[in-house]
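This report covers a two-chain model.

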2 protein chains.
Amino acid sequence: MEFRIAKAELIKALSRVQGIVEKRSTNPIIANVLLEVSEEGLRVSATDTEVAFVGRYSIDFVKAGSLTLAARQLFDIARLVPTETVSFKLPQGSFQMEITSGPSSFKVLGLAAEDFPVIPDPGDLPGFKLDSGAVKALVDKTLFSISSDDTRSGLNGAHVEVCEVAGRNLLRFVATDGHRLSISGQPFSQEAEGEVRSVLLPKKGLSELRKLADEGESDGEPWEVAFTDTQAIFQRGNIAFSMRLLEGEFPDYSQVVPSQWQRRLVVQREALLQALRRVSILAPEKSHPIRFAIEEGRLVVVARQPEAGEAREEIAAEIEGADLAVGFNARYFLDALGVMSGETVAVEMGDSLSPCLVKPGEGDSDESFVIMPMRLE
Amino acid sequence: MEFRIAKAELIKALSRVQGIVEKRSTNPIIANVLLEVSEEGLRVSATDTEVAFVGRYSIDFVKAGSLTLAARQLFDIARLVPTETVSFKLPQGSFQMEITSGPSSFKVLGLAAEDFPVIPDPGDLPGFKLDSGAVKALVDKTLFSISSDDTRSGLNGAHVEVCEVAGRNLLRFVATDGHRLSISGQPFSQEAEGEVRSVLLPKKGLSELRKLADEGESDGEPWEVAFTDTQAIFQRGNIAFSMRLLEGEFPDYSQVVPSQWQRRLVVQREALLQALRRVSILAPEKSHPIRFAIEEGRLVVVARQPEAGEAREEIAAEIEGADLAVGFNARYFLDALGVMSGETVAVEMGDSLSPCLVKPGEGDSDESFVIMPMRLE
């Protein structure tokens, strides 16, 4: 194997896989990236066997070949080499890659390409087209609600489904930890017919997808999203990212989303967010209980910590329905308000024991958050 | 107690003390700041009983009084309040401070001012005048060499002395961990006569002093530095920072600094720094051994890791003396080169077992670094 590559291209290739490789495994090869060189260019693959990434990059091709190298070490080298172009050469039959850049040279021992886990080529699958902004929104609005409780496998991922909301076809992510639930839907253009079954996407896969989507927001090229029996595959330009679907059963969340309300308030989202941040300073740790009191024309939020004091905020609100006092975990409101997109937010409540629905106060974006109340003394 | 204070002034007052207060003590009051209000303004004090800080701030004075409040919580409140001015009021006989800012209000329970450790007022002491840049240089060039080994109490701080170097009076900091030694001297203007004895300054105190010096670099107001039998005191404008002197005996470091050399090389500091960063990627962890080989007109640096490979760098150098190969901990060179100030650096060596002296290749700044070699296989 022999090739030359631009330093910037090499850095891009290796920065994308740092979160994917797994250093603490009993199988040391998954801390490595697989480099495959052919006349078509350089293919860089990384996997922890649950999520997998393949990217293709431009090189000056000299000779074909393949080898795996430690991902972290190679990234450090790429960032620090002194020249704009870096040369790679693997002598025939050797596992020691020679990397040179001006007065710097490295010989890095790798592991055989044959021992690297096979990452299946997804090929052309019928799927959805979503832009990077839509992928980011789907992940951002649901990731924080995914349960970390390993005993509830059905809640350890984001549930994905296709649904029709107000006449639009949406790809929807839903996540819950049993105390709060997030829903986010985005319009898509479907390429092929065929039934779409519900799938469950793992947290690590979503976090890594989020980083890749960030990178792709500027050029506008859409993601092609497809699901096989075992994998979710996200492809865009020269990169393909896949994650293994989780096996658990996601609950029927529609039963949890309140369809009626007895009190409804509309407030400025940013004002409520800032007020809750302040009140949280005095909320007891762990479950961050705060008290919402709906009064005439305003929402009063109070946190109390017997040994430390209390905080109180008044927020102007448009209110429908009778007065009510109800307790919440401040964290759940902060998480939801922090990722919402509109200027205003609507909070719909029943009584002090029923779930509360938080959604945009204006517009037709498909985002809603169900938050269970807390019993306060 | 009652006063109003600008949000920015309050944030400044509280940000300065976050690193000083100690949250994990058996004495909860040292996680607090002492607020003392008089017609002269607000005095904010913090201490972990080893280091202490007192700052004076402008307020709209209403009524005198004092109380201690949790430093972290008060800082969070200061940063998040919605108005440019914040009101504080402590009802007579109460320990619950009322803090209000527009629609936000907090009642924060404090601890009695009487229970706060006494921070002695240093008053006017004879001492040295140093600008913030000089204080930063003294700390930056020595802090990393201080030993963390608690069994060697004489090495757990930076040794401070007054000395004459090339006809200039300097305040000098010296630190060592037994493997390397840092020396940094800065000129000062002395205010008063009197003998200056050697003292030993603790790591935490130096780190906090470093942050305060950073803040003071723009306005040019000098620090007044004085030493009592037990304290080092750094005063500047409205702030006074003190640290308790360590008790150990610092060794006679002059014996460690080589006064002669057999090989001397002068290289571009930045080029050597970058080369060593790259080579270090392949240096074995823990002691980061690398090999310097002095050859005709160049320095060759090599790192080797049996199971990973090797890295090699060539750096152009002006060389006097015969060829030599010697091993070093790369970390020690990186630490020293990273804080030095000149364009070039001179490295003076004896044989492969003698200490090496690193100092600026040009100029007359008093900074030098002694690095012990390592035996390589």
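## A helix with one buried side

Helix H6 of chain B, residues 330-339, has B:Ala330, B:Tyr332, B:Phe333, B:Ala336 and B:Leu337 buried. Buried here means that 20 or more other C-beta atoms, placed from the backbone, lie within 10 Å of the residue's own. Because these residues cover an arc of only 160 degrees around the axis, they sit on the same side of H6(B). The arc is taken from the directions that lead from the helix axis to the C-beta atoms. An α-helix has 3.6 residues a turn, so residues three or four places apart point the same way.

## Basis of the model

The model is predicted; local features need pLDDT of at least 70 and side-chain atom pairs count only at pLDDT 80 or more, while totals for chains, interfaces and linings use all residues. Residues are numbered from 1 along each chain as its sequence is written, and chains are lettered from A and ligands numbered from 1 in the order in which they are written.

Helices (H or I, at least four residues) and strands (E, at least two) are DSSP runs, numbered from the N terminus.

## Strand pairing in chain B

Strands count as paired if DSSP finds at least two bridges between them. Strand S16 of chain B (residues 223-227) pairs with strand S10 of chain B (residues 128-130) through 3 bridges, and the two run antiparallel. In this pairing B:Lys129 is opposite B:Glu224 of S16(B).

S16(B) is also joined by 4 bridges to strand S17 of chain B (residues 231-236), again running antiparallel. B:Ala226 has B:Ile233 of S17(B) as its bridge partner. S16(B) and S17(B) make a hairpin, with 3 residues between them.

## Relation and contact of the two chains

The contact takes 27 residues from each side, chain B and chain A; residues are in contact if their C-beta atoms, placed from the backbone, lie within 7 Å. On the chain B side, the elements giving two or more residues are helix H2 (71-80), strand S9 (104-109), helix H5 (269-280) and strand S22 (309-316). That side has 12 nonpolar, 6 polar and 9 charged residues. Strand S9 of chain A (residues 104-109) runs antiparallel to S22(B), with 5 bridges joining them. B:Ala311 of S22(B) is the bridge partner of A:Phe106.

## Layout of chain A

Chain A has 6 helices and 27 strands. Its C-alpha atoms fill a box of roughly 80 × 55 × 40 Å along the principal axes. Of its 377 residues, 42% are buried.

Chain A is divided into domain 1 (2-115), domain 2 (128-253) and domain 3 (257-371), with bounds from an automatic or database domain assignment. The C-alpha centres of domain 2 and domain 3 of chain A are 27 Å apart. Between them, 15 residues of domain 2 of chain A are in contact with 12 residues of domain 3 of chain A. On the domain 2 side, strand S12 (168-176) and strand S13 (180-187) of chain A are the elements that give two or more residues. S13(A) provides the largest share, 6 residues.

Key. Contact = placed C-beta atoms within 7 Å. Nonpolar A, V, L, I, M, F, W, Y, C, P; charged D, E, K, R; others polar. Buried ≥ 20, exposed ≤ 12 C-beta atoms within 10 Å, placed from the backbone.
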